[in-house]
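My entries follow the display.

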Amino acid sequence: MAEDLELWDMICDGPFVPMKIIGEGTVIVPKPRKEYNDADRKAIEKNFRVKMILICGIGPDEYNCILACQSAKEIWEALQTTHEVTTQVKLSNIDMHTTEYELFKMKENKSTQYMYIRFTSIINELHSLGEVIPRNKLVQKILSVLPGSYESKVNAITEAKDLQKLTVDELIGNMKSYEMKKKKKKKKDIERR
C-alpha cells in the first residue's frame, strides 16, 4: 500500500483484464493484446509490479510455492495458505515466547547490546503474534534482568528517572554508556598494575 494503493487492490481483487463488448452489447470478452490502449497497459503493468514486489520479499522456499501463480492475488493467497497457522499453534507460540520472556536474563559476561538483541527478538516474536507488552513493562523487565554487577546503576536509574516515561532506547543507551565507563575503568586499573 505504501508503494501504490492500487497495488493492494490488485492483491485483493485480482488482476485487471481489459474487456470489450461484442455483438449487440450483450457479450463481454477479454480484449486481444493488440487492442490494448495506454490505460489498459498501465493497469496490466500494476499486476506485474505487485508480483515483483511480492517475489522480491520472499525466500527460495516460498518462491517454489508461488512459482506457478499467474497473478499477485494468487501469490498472496498461496503465501497466506503457507503461513497460516491454527489458533492452537498461535497460542502455543505465544506461550513459548511468553515463557522465554519471563525467564529471560542477561548473561554476566555478555554486553548490553547482545542482551538487547536477544530481548528484542523475543519481544518482536510476541508482537508479531499480537501480544504487545507496554513500554514501561519492558523497561522494568530489562532493569530486573541485569546481573548483580549492574546493581548500583539500576538503583541510580530507578531513583533518578521516571520509569513510566523512560523508553527502552534511552535505557539501553544509558546502560551502554555505563558499560563503556566500566571497561575504561577496568583498563586503567590493569595499566596501573
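**Entry 1: burial in helix 7**

I looked up the buried residues of helix 7, which spans residues 135-145, and found N136, L138, V139, K141, I142, L143 and V145. I note that the model is a predicted one. I then asked what covers these buried residues of helix 7. The cover includes helix 5 (87-103), helix 6 (112-128), helix 8 (151-160) and helix 9 (168-192).

**Entry 2: helix 6 against helix 7**

I next took up the geometry of one pair. Helix 6 and helix 7 pack with their axes 12 Å apart, at an angle of about 140°. Angles over 145 degrees would count as roughly antiparallel, and the two helices are therefore oblique to each other. I recorded the crossing of helix 6 past helix 7 as right-handed. On the helix 6 side I listed M115, F119 and I123, which meet L138, K141 and I142 in helix 7. I sorted the residues of this contact into 5 nonpolar, no polar and 1 charged.

**Entry 3: helix 2 against helix 4**

I turned to a second pair, helix 2 (residues 38-56) and helix 4 (residues 72-83), whose axes lie 9 Å apart at an angle of about 25°. Angles under 35 degrees count as roughly parallel, so helix 2 is roughly parallel to helix 4. Which residues meet in this pair? I found N47, V50, K51, L54 and I55 in helix 2 meeting A72, I75 and W76 in helix 4. The residues of this contact divide into 6 nonpolar, 1 polar and 1 charged.

How values were computed: Residues are numbered from 1 along each chain as its sequence is written. This is a predicted model: local features need pLDDT of at least 70, side-chain atom pairs count only at pLDDT 80 or more; totals for chains, interfaces and linings use all residues. Side-chain values use heavy atoms; hydrogens and water are left out. Axes are lines fitted to C-alpha atoms, for helices over the stretch in contact, and angles run from 0 to 180 degrees between N-to-C directions. Helices (H or I, at least four residues) and strands (E, at least two) are DSSP runs, numbered from the N terminus. Angles under 35 degrees count as roughly parallel, over 145 as roughly antiparallel, 65 to 115 as roughly perpendicular and the rest as oblique. Contact means heavy atoms within 4.5 Å. Ala, Val, Leu, Ile, Met, Phe, Trp, Tyr, Cys and Pro count as nonpolar, Asp, Glu, Lys and Arg as charged, and the others, Gly among them, as polar. Buried means under 20% relative accessible area, exposed over 50%, partly exposed in between (1.4 Å probe, protein chains only). A crossing is left-handed if the near helix is turned anticlockwise from the far one by less than a right angle, and right-handed if clockwise.
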